[in-house]
Amino acid sequence: MKNNKFVAAVLLPSFLFLFIFVIFPVIYGLGISLYDYNPANSKNVFLGAENYVRLLQDATFWKAVKNTFFFCVVAVVLNIAITLFLAELISHIRSGKIRVLFRAVLFIPCIAPMIGTSMIWKYGIVGTDGGLLNQILIFLGKGPKNWYLTEMPLMWIIIIYTLWADIGYNVILFTAGLSNIPKAFEEAAAIDGAGPLRRFFLVKLPLLGRTFAFVSIMTMANYFQMFAQFRVLAPKGGMHDSAMVLTNYIYRTSFQSFDMGYGAAIATGLFIIVFIVAMIQNQLMRVEWSYE
């Protein structure tokens, strides 16, 4: 009985924190999505499911869904491919100090504020006047370009920025996963004549299944909720909404148009999409094995 009271006393603050900052906001958001909600109004009209009917007919919403899926799929695939490659390279470095140095260098962008680094990219790299991309075009004998008036190039710029800002975290996770694989498996494959590529794809990658599944699910869920770089680099969604994603559309609807009920409906749609994608990933990447 005493142990149960102690456990309850320890867990109670965590449950309160979870309820106040996670569960309650979700329930509150679902509630206001049923209203024509504006906190400045003395009375908010109950609309029922009208916001959701409007959502299904909203061309901008579906464009944002398409852009969000494109960004997430491309960025996650590239992130995992690059981080796996870098982690494998780092795992072959014999010096522990040099391994730590490489991991630290790659992780530095992860701890930098994304708003700040996005601003540096906006004015220092993508900027129309004096930006690095335009300086390269001028060096190649071409004229400068307004990247914000492009469609697909702007989205790719945001994807490249996201990879630069985020790969360090997954490199560390994959490096840790690779270091936990017993050397005996790779040595046995080498004795059987398997080269480095075959050892990686046929031995290491399958044994990295749990880490791979965790990284894939968490990265996909995180990328669906990316906001800062889109708000800085494409605040209006880019040309013809080519870089409009759901998070930016939620912000624009709720805090610029002050249509918070509809913004909450969009947020509910994003929540459902992330939940379904996470569940599908969890089922597809279920791993049942051990090293023993």
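Me: In this predicted model, contact means that heavy atoms lie within 4.5 Å. Which residues is Gln281 in contact with, leaving aside its neighbours within four places in sequence?

Reply: Gln281 is in contact with Ser216, Ile217 and Met220. Gln281 itself is found in helix α13, residues 260-284. One polar atom of the Gln281 side chain lies 3.4 Å from the backbone oxygen of Ser216.

Me: Why does Gln281 count as buried?

Reply: Buried means under 20% relative accessible area. Gln281 has 11% relative accessibility, so Gln281 counts as buried.

Me: What makes Tyr169 partly exposed?

Reply: Partly exposed is the range between the 20% cut-off for buried and the 50% cut-off for exposed. Tyr169 stands at 44%, so Tyr169 counts as partly exposed. Tyr169 lies in helix α7. Not counting residues up to four places away in sequence, Tyr169 touches Phe107 and Cys110. Glu88 is 81 residues from Tyr169 in sequence, and their C-alpha atoms are 15 Å apart.

Me: Now the aromatic rings. How many aromatic pairs are there?

Reply: The count comes to 17 aromatic pairs. One of them joins Trp121 and Trp164.

Me: Why is the pair of Trp121 and Trp164 called tilted?

Reply: Two rings pair if their centres lie within 6.5 Å. The centres of Trp121 and Trp164 are 5.8 Å apart. Stacked needs planes under 30 degrees apart, and edge-to-face needs over 60. The planes here stand at 45°, so the pair is tilted. The pair links distant parts of the chain. Trp121 is in helix α5 (residues 114-125), and Trp164 is in helix α7 (residues 152-179), 43 residues apart.

Me: Which residues do ring pairs link into a cluster?

Reply: Phe19, Phe24 and Tyr28 form a cluster linked by ring pairs.

Me: How do you know that the span of helix α4 agrees with its number of residues?

Reply: Helix α4, residues 96-111, has 16 residues.

Me: Where does α4 bend?

Reply: α4 bends by about 25° at Val105. A proline, Pro109, follows within four residues.

Methods. Residues numbered from 1 in each chain as written. Predicted model: local features only at pLDDT ≥ 70, side-chain atom pairs only at ≥ 80, totals over all residues. Heavy atoms only, no water. Phe/Tyr/Trp six-rings, centres within 6.5 Å; stacked < 30°, edge-to-face > 60°. Helix = DSSP H or I, 4+ residues; strand = E, 2+ residues; numbered from the N terminus. Expected span 1.5 Å × (residues − 1). Bend = angle between axes of the 7 residues up to and from the residue. Buried < 20%, exposed > 50% of the residue type's maximum accessible area, 1.4 Å probe, protein only. Polar contact = N/O pair within 3.5 Å; in protein donor to acceptor, adjacent residues only side chain to side chain.
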